[in-house]
Amino acid sequence: MSLPGITPQEFSYLQTATTGFSENQLRGFLMIYGGKRRNPDDMLLYCILGFFVPGLSRFLINQIGMGVLYFFTLGLCFIGTIIDLINYKSLAFEYNQRMVFESLQMVRMGNPI
């Protein structure tokens, strides 16, 4: 699996999730998932940019409600933005877990086992 910035934890999760997939299914999954996932290093950049555009990182991980809250409260007076900056890896991993589930559903609908 050649995904930029993949962590050992994410790699292990992906191996478990794709157990029993054929080569064709695995290739399709990686194509779908690769387009949806967020690189933790990019998430760090988005969190830093959150000081200038509050809520940016939350919008990018599809947490629209939190993004709007951060936008109108200046990142909860920058405290939320600082917490996101500290926890950027877990934000990316949780988002990527949801994208694994969505990608698996798309592959299974396209190729019944």
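Trainee: Before I start, what pLDDT do local features need here?

Mentor: This is a predicted model, in which local features need pLDDT of at least 70 and side-chain atom pairs count only at pLDDT 80 or more, whereas totals for chains, interfaces and linings use all residues. Residues are numbered from 1 along each chain as its sequence is written, and side-chain values use heavy atoms, with hydrogens and water left out.

Trainee: OK, how many helices and strands does the chain have?

Mentor: The chain has eight helices and zero strands, where both are DSSP runs numbered from the N terminus (helices are H or I with at least four residues, strands are E with at least two). The C-alpha atoms fill a box of roughly 50 × 25 × 15 Å along the principal axes.

Trainee: And what share of the residues is buried?

Mentor: Of the 113 residues in the chain, 33% are buried, a term that stands for under 20% relative accessible area with a 1.4 Å probe and protein chains only (exposed is over 50%, and partly exposed lies in between).

Trainee: Switching to the rings, how many aromatic pairs are there?

Mentor: The structure holds five aromatic pairs, counted when ring centres of Phe, Tyr or Trp (its six-membered ring) lie within 6.5 Å, with planes under 30 degrees apart called stacked, over 60 edge-to-face and the rest tilted. One of them joins Phe 21 and Phe 29, an edge-to-face pair at 6.4 Å centre to centre with 90° between the planes.

Trainee: Why is the pair of Phe 29 and Tyr 33 called stacked?

Mentor: The ring centres of Phe 29 and Tyr 33 are 5.6 Å apart and their planes stand at 5°, so that pair counts as stacked. Phe 29 and Tyr 33 both lie in helix H2 (residues 23-36), four residues apart, which is about one turn of the helix. Together, Phe 21, Phe 29 and Tyr 33 form one aromatic cluster.

Trainee: What does Asn 96 touch?

Mentor: Leaving out residues up to four places away in sequence, Asn 96 touches Glu 10, Tyr 33, Arg 37 and Arg 38, where a contact means heavy atoms within 4.5 Å. Asn 96 is found in helix H8 (residues 88-110) and is buried, with a relative accessible area of 1%.

Trainee: And where is Arg 58 found?

Mentor: Arg 58 is found in helix H4 and is buried at 11% relative accessible area. With residues up to four places away in sequence not counted, the residues that Arg 58 touches include Tyr 70, Asp 84 and Leu 91.

Trainee: Last topic, how much space lies in the largest cavity?

Mentor: About 40 Å³ lies in the largest cavity, and the count comes to one cavity of 30 Å³ or more. A cavity is a set of points, on a 1 Å grid over the protein atoms alone, where a 1.4 Å probe fits but cannot get out, and lining residues have an atom within 4 Å of a point. Grid points are joined across faces, edges and corners, and the volume is the space filled by probe spheres set on the points.

Trainee: Which residues line the largest cavity?

Mentor: The lining consists of Cys 47, Gly 50, Gly 55, Leu 56, Ser 57, Tyr 70, Thr 81 and Asp 84, and helix H4 (56-60) and helix H7 (79-86) are the elements that give two or more residues to it.

Definitions and conventions. On a 1 Å grid over the protein atoms alone, a cavity is a set of points where a 1.4 Å probe fits but cannot get out, and a pocket is an open set with protein on both sides within 12 Å along at least five of seven lines; lining residues have an atom within 4 Å of a point.
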